[in-house]
Structure formats: structure tokens, C-alpha cells
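Dear colleague,

Please find below the structure for your review.

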Amino acid sequence: MGFSIRNRLLLAALAALSSGAFAQSENLRVGFLTVRTGPLAAGGRQMEEGINLLLKERNYAFAGRKVDVIFADTAGQPALAKTKVQELVEREKVHVIIGPLATFEALAIDGYMLESKTPLITPTSAAQMDLAQQKKSEYVIHVYGTAAQPMHVLGQYAAKKLGLKRIATIADDFTYGHEGTAGFHHVFEDNGGKIVQKLWPPLNVADYGSYVGQLKPNIDGVYAGFAGSNPLRFLRTYKEYGLNKPVFGNPTLVDEGILKNMGDEALGVYSASWYTVDRSTPDNKRFVEAIQAEYKVTPGFYTAGTYTAGLWLEEAMKAVKGRFEDKAAFVKALHNVKLTRGPMGPIRLDEYGKPILNIYIRKVERKNGQLVNTTIDEVKDVSQFFTYDPKQFLASPLYGRDVPPAKNLE
């Protein structure tokens, strides 16, 4: 009988050891919100290229733990994004999610991420006011900046460096378009310029002709805030109408993923972005060469952002020595990452989970027969607040379709 008791104790000990070993050998399951259908699908494909390259380079492991990625197509629709997130968390039991592509998708899932206590790393969503910003959630980490962040810099450049005084804005009528336009508007007018006209085509508008035809002839330039395939259609219409005022755009207007399909209509377009492909650092050069070798394309910000999200996750995994099961330590590590390597670094988070990073002003040129974004200016360590006092910024009305108010419309 004594032997039997000892035997049972031994078996119990072995079972406990086996259970612990099994827990440590469990793969890190990463849910990945992509877009494979609809007008934003080109960006989704680039996002997948970014994460797939990094995982291939790391032999599908971070900090000694194997990584499984479960992809989910949101079609760029907020309601579907929420459904897909619930499936990833409740059915697939993912430990962390990377995505989604669009700002309005991220806002749609914001509450569920807090409710489910699932960390979300957003590589391309540019939401300004989410639960993290309100300090109500610690589960959302933004690797890329807000929609307004690079547009603050571009507004200052247009007003101060180029001396422009009168600009019309035209942008997709959804959150990303609203907030990017607002950032440009705010800084451009604070630096002496005037926004004299604002146009809002629907995201799925069939034809831009009726909108381009409304642009005032006596403006110094146009701010264009478009995403997905819309930049190509807008710029072609702009050229077809014979307009030649300079165009200033958000990161997605002439991102490399869409620029490759453009012609002369893109020449001379100014844009500002969190990433620039011609950044002459060893890490970025290696990244660009690797994407070109693997996919035969030049990477843009969708690709770089998702690759960077993977680097961010890897750094957090290193900090917890691969033990992502300790969720509190894992979430804390995600917030404490200070990324100094990769195509975009350096990046660190402010106290609201939004990144502080470099912003690049680019201009489209033709080199060796190809259209390229050439960096013409760089502003280092830009926060979501730009030059504004954070407390005053947060106390002001939230950027949106009608904020800041258009006081100089004609």
C-alpha cells in the first residue's frame, strides 16, 4: 500500500512537470486582422507581406517560443472587424492581435479589446481618441502615429517652408480622412494660412469629377486625404481636369503600394509619413532589399508598419523571456518597448500609448524611369501633440469632420 501511495505521488509529480513543460511549449498565437477584399485590400496585402517577412526571418519564433499566425479578413468593415476579433479571441484563443488596417475598424473593436483583456498592436490604424488615449485601457498599443501626426508636420511645411496662404481640402469621408485633414487644417491656419474650401467625397464614390470640378481656381494648393485605391482615381481626375496647383497628401496618397500604378499625375505630390523608403539606415536598407527580393515590390508604410509591429512584439517577448502567459508582465512589456532598430526606429510610446517617432516630408519624383518618394525634410521625435501643450490639446474638442471649425471658407 505504501508503494502504491509513493507511486501515485510520483505519477502526480510527473504529471505536474509534464503540464508545466506543455504550458511552456505552447505556441504564441497571433491573430492578424487583414483586408483581402474591398477598396482597402491593397493595403492588407502589404501588411501581410510585412509580418510574413519578419516571421520567415525569425524562423517563426520570438524569444524561443514558436509563433502561429491566424489571419482574418475584415474587408475594411468595422462591424466585420468586431466579429473577426471575437472569433480570434473566443474560438482561436489568440494571445495577442496585430491589426486592423483602418482607423474606424480599430475604434469599433476598442471596447472588446478591453473587455477580453487581449493586447492589440495596431500597425496602421491611426485613431486619435480611443480608450487608451482616455487612459481607460492598457490593451491597445499604437506602433504608428495618429492620422493627424504627420499632417501637423505637413501643414507647417506648406505654410512656413513654402509660404502658401490658401488651400482647399478634399478627403475620404471617414475617420482617417477627417482626422488627417483636421491635423493639417489646425497647423496650417495656426501658421498663417487659410483653409478656404472643404470637400468630402464618400469612401466608395464612383467618380471624383464632380468634386474636382468644384475646387476653387484661386487657391495655392490642395490637401488630399485618400486611402486604398482612391488616391489613384483622385489624382488621375485632378490631372484630367488640367489642374496644376500643388497637392499635399496623407501617407496613403502616394504610398509605394499605390504609387507603382501611377503615372505623371503623381509627379510633384508632397506627402508626410511615419515611414520613408529612402531612409539611409542599414536596417531600412536591409528591410527594403528583403521585401524587394521576396515580393518583387518596394515597401510602403503598410508593409513597414506591420514589420515594425512584429519587431515590437518580439522585443516584448524578449523582455518577459518568452513567458507571454504572464499577461500582466506581457502587457507591461508591450508598453515599455523602446524600439531603436528596424525600418522605422527610433520609436517609443507616450503615456497614452501613442508613438513618438520621426516624420518625413516626401515629394514624388521620377528616377531611372520609376516614380519614387524622395525625402526632402525630416522632423525628429514628433508626438501626437506636435508643438501643442498636451493638456490643452486633450482638453480641446476632438479632431473630426468639423473640428477645427472652418472659419475661412469662401
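Phenylalanine 386 is buried, with a relative accessible area of 15%. Please bear in mind that the model is a predicted one. Phenylalanine 386 sits in the loop between β15 (370-382) and α13, and its phi is positive, at about 55°, although the residue is not a glycine.

Asparagine 59 also deserves attention: its phi is near 55°, a positive value in a residue other than glycine. Asparagine 59 belongs to the loop that links α2 (41-57) to β2 (61-62). Is asparagine 59 buried or exposed? With a relative accessible area of 52%, asparagine 59 counts as exposed, because the cut-off for that class is over 50%. Phenylalanine 386, at 15%, counts as buried, because that class takes in values under 20%.

One runs from glycine 99 to proline 100, with omega near -5°; proline 100 lies in the loop between β4 (96-98) and α4 (103-116). Another runs from valine 403 to proline 404, with omega near 5°. Proline 404 is located in the segment that follows α13 (390-395).

Leaving aside residues up to four places away in sequence, leucine 28 touches Phe62, Lys66, Val67, Asp68, His95, Val96, Leu313, Met317 and Phe324.

Finally, the cavities. How many cavities of 30 Å³ or more are there? The count comes to three. The second largest cavity holds about 60 Å³ of space, and its lining consists of Ala42, Gly43, Gln46, Gly228, Thr252, Asp255, Gly257, Ile258 and Tyr302. Both α2 and α9 (256-259) supply at least two residues of this lining, and α2 gives the most, with three. By class, the lining of the second largest cavity has three nonpolar, five polar and one charged residues.

I would be grateful for your comments on these points.

With kind regards

Technical notes: Residues numbered from 1 in each chain as written. Predicted model: local features only at pLDDT ≥ 70, side-chain atom pairs only at ≥ 80, totals over all residues. Heavy atoms only, no water. Contact = heavy atoms within 4.5 Å. Helix = DSSP H or I, 4+ residues; strand = E, 2+ residues; numbered from the N terminus. Buried < 20%, exposed > 50% of the residue type's maximum accessible area, 1.4 Å probe, protein only. 1 Å grid on protein atoms, 1.4 Å probe; cavity = no way out; pocket = protein on both sides within 12 Å on 5 of 7 lines; lining within 4 Å. Points joined across faces, edges and corners; volume = space filled by probe spheres on them. Nonpolar A, V, L, I, M, F, W, Y, C, P; charged D, E, K, R; others polar.
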